[in-house]
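Here is a friendly briefing to read alongside the structure.

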Amino acid sequence: MELLITRHVKFQDRRVWLNGIVEHVSEAGSADKLFRSVYRYYDIDYPKFFKMDNLCKLAFLSAEGLLRGTDILQEYPGGEVAIILENASSSLEYDQKHVESIRDQNRYFPSPSVFVYTIPNIMVAEIAIRHKVKGENAVFIFEQFDPGLIYDYVSELFRNQQVSCCLSGWVECYGDHYQSLLFIIEQEDKIKRCKGLQEYVIFDTANMEKLFKGKSL
Amino acid sequence: MLDVFVGTSNTITSIGFSTAEHVKRIKAGQIGISIYPGGDLWPTPVPLSLIDSQRLLDLFREHLSKGKPDLQLDSFTRSEMLHILSISDVLKNSGVDIRDSRTLIILSTLKGNMDLLKKDRLPAIEPDRVYLWKWGEFLGSFFNSSNKPLVVSNACASGLLATLIGSRLIKAGRYDHVIAAGGDILTEFAVSGFQSFQSLSPKPCKPFDADRDGLSLGEGCGAIVLSRDHSLCGIPEKIVLAGGSCTNDAHHISGPLRTGEMFYVAIRKALREASLDPLDIDYISAHGTGTESYDETEAKALSWAGLEKVPVNSFKGYFGHTLGAAGIIESAIAIASMRNNELFRSAGFENPGTSDRINILTDHISREVNHCLKTASGFGGCNVAAVFKKI
């Protein structure tokens, strides 16, 4: 059974790439401004977006870029689609925000709308809710993108038939440092859609590394 | 099909520093949740289950003096001390070599060294150990492990998920042995956060009870050995992790899908992978936090799965919700129940309080336990089920 990366999205340096081609460039460099500009560009109407922390916004928009205009997920039962993500800073930005809210005994206002985003797998939940993805899910914390673990773990999920499609990759956001690479992994023999000229990439460690570094394949 | 054996374990909470000590205290009915009078963790009285700090320091000092006398006590955080003690204990009692390139440490936590974000950090501790990967790397280097530990952070389901991931990576042939360890210390961070959600009960928690009104937070750490080689597991019984599954509700970021549908799907898939029918299950170690919504949902899922007659308990009535450690600690004690063929009363439970009735243990009982289901769920809509099987 061959596993393929059938679509990939990257957010980095004010740019959004879809399948290796720059799709959108934001004028301003801050994470906030990029996310706002991409939200408008994608023409989304999703009020919950504005409640999210930046990590979730990045995960949400990356998934949006990956899936909009396609019916990929309609091909699979929600329970067979997995979301396996990695990042480095976990939810550190909101961890600090929560710590600030309890630093001063005279201004002591811990808030559920902040605290909930101190849990990194909320970014999985935001994607899951938007796209009705109900299968395996996990968040791993690495200093740098680790395609080896994704390869080992996701291959095993396919092998023991826990999943038939997987959204995976790297979603990192801390301050104005943001970087995501999100891709869809499918089984070669299950891909029914007519893909035209789109090229697939074999799901392996070297290819994930290349996608991450932005080198052409 | 390759078997993944579960072996010796360690458990640290308010009621003990080993799994055997937990079994002894639970048998004696000891509850580790007590009223914290108010202080650094929260300004007013609240029930918490806290690890004995003096005993922790004494044990850790002794541990360092035996193996690494050059290292200073104040160069370790509380979380690091707990994980080092837990992992050291399972290494001592098993044949697994942590320096072997075929051995992996998997760590599950919500917040790792989050106390380092406070300003009164000790000078001997680098601030970047607040990063979970750095915290993991520090623990790995303490043990001279060949592989950097893998850190999993999936809210309150992390511990059971880490165990399942360990078993999957062994089945994939990537590793031969895994130490699944995890824990969370109790900090103002966690207490204030759960208070802001109004999740904490003013009394020690009462999982599945009619009068339950919230969870009790517990500090905890645990470790459990997984290996493809039973002879290295450190226990005579052959118990395997026979199946497991993880699902997402795709419903709400901080509350369960109350129909229990996706929780049920996780249980069904775990049973299927283990090639077992619901009637084969002898015992369920439930997540059972004591909150209205999560217990209601879990009872519904168990009932859907045809498990309503199977004896079930939650250990959280003894030592609270230990967050990232919960799935590991509770699996460890459930496996002790399988080894000893004894099941424990679900502390805090008096009267049925879920719409779907399940068979909560109201007494300690002796019973042959060959197949055990362990469940967990948490924020982010994550549900996990795993089946342990004697072979």
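**Where the chains meet**

The contact takes 41 residues from chain B and 44 residues from chain A, with two residues counted as in contact if their C-beta atoms, placed from the backbone, lie within 7 Å. Please keep in mind that this is a predicted model, in which local features need pLDDT of at least 70 and side-chain atom pairs count only at pLDDT 80 or more, while totals for chains, interfaces and linings use all residues. Residues are numbered from 1 along each chain as its sequence is written, and chains are lettered from A and ligands numbered from 1 in the order in which they are written.

**The side of chain B that touches chain A**

- Two or more residues each come from helix 4 (132-142), strand 5 (150-152), helix 5, helix 6 (188-196), strand 9 (239-248) and helix 7 (261-273) of chain B; helices (H or I, at least four residues) and strands (E, at least two) are DSSP runs, numbered from the N terminus.
- Helix 6 of chain B provides the largest share of this side, six residues.
- By class, this side has 23 nonpolar, 13 polar and five charged residues. Here Ala, Val, Leu, Ile, Met, Phe, Trp, Tyr, Cys and Pro count as nonpolar, Asp, Glu, Lys and Arg as charged, and the others, Gly among them, as polar.
- Strand 5 (residues 137-141) of chain A pairs with strand 5 of chain B in the antiparallel sense over two bridges, where pairing requires that DSSP finds at least two bridges between the strands.
- In strand 5 of chain B, B:Val152 has A:Phe140 opposite.

**Helix 4 of chain B**

- The buried residues of this helix are B:Leu132, B:Trp133, B:Trp135, B:Gly136, B:Phe138, B:Leu139 and B:Gly140. A residue is buried if 20 or more other C-beta atoms lie within 10 Å of its own, exposed if 12 or fewer, and partly exposed in between, with C-beta atoms placed from the backbone.
- Their cover includes strand 5 of chain A, as well as helix 3 (78-92), strand 4 (103-108) and strand 5 of chain B.
- After helix 4 of chain B comes B:Asn144, with a positive phi near 55°.

**Two domains in chain B**

- The domain assignment gives domain 1 (5-232) and domain 2 (241-390) of chain B; such bounds come from an automatic or database domain assignment.
- The C-alpha centres of domain 1 and domain 2 of chain B are 21 Å apart.
- In chain B, 60 residues of domain 1 are in contact with 53 residues of domain 2.
- Helix 5 of chain B gives the most to the side of domain 1 that touches domain 2, with eight residues.
- That side of domain 1 of chain B holds 29 nonpolar, 24 polar and seven charged residues.

**Core and overall fold**

- The largest nonpolar core has 196 residues, and those with the most contacts inside it are B:Ile179, B:Val384 and B:Phe388. Such a core is a set of buried Ala, Val, Leu, Ile, Met, Phe, Trp, Tyr and Cys residues joined through C-beta atoms within 7 Å.
- Helix 2 (residues 54-67) of chain A brings the largest share of this core, nine residues.
- Not counting residues up to four places away in sequence, B:Ile179 touches B:Ile87, B:Val90, B:Val96, B:Ile98, B:Ile105, B:Ala223 and B:Val225.
- Chain B has 10 helices and 16 strands.
- Of the 391 residues of chain B, 62% count as buried.
- The C-alpha trace of chain B spans about 55 × 50 × 40 Å along its principal axes.
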